[in-house]
Amino acid sequence: MRTPEDILASLFDAETLYQQAPCGYLSFYPDGTIIKANQTLLRLLQYEEQELIGIKKFPQLISKGGNIHYEMIFRPLVAMNHSVKELSYDILKKDGTILPVLLSASTLKDSKGNVRAINAVITDNTDRKKYEAELLLARRQSENEKLTFQYLADQIPEMIWTADEGGHINYVNERFSQYFRLRQRKVDLNSILSRIHPDDKKNFTTTWTTHIGSGEDLHSELRLAYEPGKYKWHLVKAVPYRSEGRVAKWFGSCVDIDEQMRALKQKDEFISIASHELKTPLTTLTSALQLLERLKDGPMTPMIPKMIEQANRNVKKMTALVADLLNVSRLREGQMPLNKAPFDLGALIRETVEALQQQTTIPIRFEHEMPVLVNADTARVEQVIVNFINNAVKYATNSPTIQITITNKDQVVKVNVTDYGPGIPAEKLPFIFDRYYRASDSGVQYSGLGLGLYICAEIIKRHGGKIGADSKPDKSTTFWFTLAAALPQM
Ligand code: ADP
């Protein structure tokens, strides 16, 4: 029977402490022959004592790579320093599997200083290795995520950036770098600021500074130069990222909103033009009616039919303007049904010319007798011809004639309306079929909403035809459209 005193004594027994220590102990001769190993190590390596002691040499317990390390580093280090600390080795267990360990060793010398044995402390390094592997994996994952983010950020067609808590930009994507022509994405604040439109710079810097202070989301519209003197509207947005209640970073973007801003400006201009255009005939109509009101009970004077004629003309003007507006909204909603039927386009032009000739002194010439059949919406095609002729009358007041021709080539019918007026400058020509576009700056001189040609283009497009204009300023201007020829009915 072991008394409690025996147990207590065994606790302090050096041999027990050696055998049961939480780390492995191994002693071997300088040639590597194992002399002693404690129970902890035997358990870790799954060996029995008699299988190691005097049988195996230490290098036999370590992997091939470890052996090279043992010869090249461990032995010279031990010979020189008489000790080594926490060297990492893969030790082979009895079943051939690997146990990662940390090994510290010191030499045991005789009185003459000769190394007689080496004592090694071996600790299981599995957890640490696992931890290191996990750390490596986490690092790789985070690097991968970073690469994915960078790839994404660089593919985005908009500019994105980040700034530190003080608002200093510290990351920009490829698009940003391209726009501001940064070298190796090095952010140069002055070169960025120099690209902001002078009229927007002060407002933007004040707003940005205020937002950095308050930590509120930023939304700001400004013009950024893409070439010296040429600007595009951008929406700058920045949202703060908070850590422990404080702004740690800003995530920002600059989105090109130039088209929307232009459209908005165009709409504003359109509203003012439309109001003006409607107001002018309305004023004339009102004064004509007021005059008629005064004259109504008196004798008939030549003034009365003149006033009625004036009122009618202005009502017609307003009706035409309202019709254009209605046409545009119908087109926007995709509601412009075409009532197609075969008809002679030549005859339609002749009738239109005859009607419009009454309203102008400029001779309108059209000499074509042969029928030209098309399958189209007569009223809509007439609208296009009227618009072309009316524009020629309106914008080419000094033109000696207005010439209309029609051709039929390879089943494509082409109508040309040519005037010899001031024409349209080449840089404006591509836009004249756009909605609200008016090429002449003198908006007051020529009334109009800039909708006529847009409606014409939509009508022709819906018929599957083409529309265009060629202009040699101060020489001649030709507006044309094409339609597919219809085969004569048998
Ligand atoms: P609006 O006549 O109401 O302005 P349009 O869409 O019919 O609108 O025409 C667009 C613009 O094209 C006009 O404002 C005018 O500047 C230009 N334009 C059209 N026809 C002619 C022409 N025959 N000669 C010169 N400019 C023209």
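Residues are called buried under 20% relative accessible area, exposed over 50% and partly exposed in between, with a 1.4 Å probe and protein chains only. The model is predicted, and local features need pLDDT of at least 70, side-chain atom pairs count only at pLDDT 80 or more, while totals for chains, interfaces and linings use all residues. Residues are numbered from 1 along each chain as its sequence is written, and side-chain values use heavy atoms, with hydrogens and water left out.

**View 1**
With a relative accessible area of 38%, Q46 is partly exposed. D474 is exposed, at 65% relative accessible area.

**View 1. Helix α11, residues 303-332.**
The helix has 30 residues and reaches 44 Å from its first C-alpha to its last, close to the 44 Å expected at 1.5 Å a residue. The expected span is 1.5 Å times one less than the number of residues. Buried positions in α11 are I304, M307, A311, N314, M318, L321, D324, N327, V328 and L331. An α-helix has 3.6 residues a turn, so residues three or four places apart point the same way. The buried residues of α11 pack against α10 (258-295), α13 (378-395) and α14 (452-462), where contact means heavy atoms within 4.5 Å. After α11 comes G334, with a positive phi near 70°.

**View 2. The largest nonpolar core, with 51 residues.**
A nonpolar core is a set of buried Ala, Val, Leu, Ile, Met, Phe, Trp, Tyr and Cys residues joined through side-chain atoms within 4.5 Å. The members that touch the most others are L345, I349, V381, F388, I404, I432 and F481. Helix α14 gives the most to this core, with seven residues. Leaving aside residues up to four places away in sequence, L345 touches V372, V374, V381, I385, I406, V413 and V415. A second, separate core has 26 residues, including L61, Y70, Y89 and L103.

I467 counts as buried, at 19% relative accessibility. Apart from residues up to four places away in sequence, I467 touches F388, F433, C456, A457, I460, W480 and F481. The C-alpha atoms of I467 and F433 are separated by 9.0 Å, and the two residues are 34 residues apart along the chain.

**View 3. Strand β14 (residues 402-409) with strands β12 (residues 364-366) and β15 (residues 412-419).**
Two strands pair if DSSP finds at least two bridges between them. Strands β12 and β14 run parallel and are joined by three bridges; F366 has I404 in β14 as its bridge partner. Eight bridges join β14 to β15, and these strands run antiparallel. Opposite I402 stands D419 in β15. The two strands β14 and β15 form a hairpin with two residues between them, and D410 in the turn has a positive phi of about 50°.

**View 4. Aromatic pairs, 16 by count.**
Rings of Phe, Tyr and Trp (its six-membered ring) pair if their centres lie within 6.5 Å; planes under 30 degrees apart count as stacked, over 60 as edge-to-face and the rest as tilted. Y18 and Y25 are stacked, 5.2 Å centre to centre with 10° between the planes. Y18 is buried at 17% relative accessible area, whereas Y25 is partly exposed at 26%. The ring centres of W208 and W250 are 5.3 Å apart and the planes are at 75°, so this pair is edge-to-face. W208 belongs to helix α9 (residues 198-214) and W250 to strand β10 (residues 246-256), 42 residues apart. W208 is buried at 13% relative accessibility, and W250 is buried at 0%. One aromatic cluster is formed by F28, F58, Y70, F74 and Y89.

**View 5. Lysine charges over the rings of Y226 and W480.**
A charge sits over a ring if NZ of Lys or CZ of Arg is within 6 Å of the ring centre and within 35 degrees of the ring normal. The charged end of K232 is 5.4 Å from the ring centre of Y226. For K414 over W480, the distance to the ring centre is 4.8 Å.

Key:
Helices (H or I, at least four residues) and strands (E, at least two) are DSSP runs, numbered from the N terminus.
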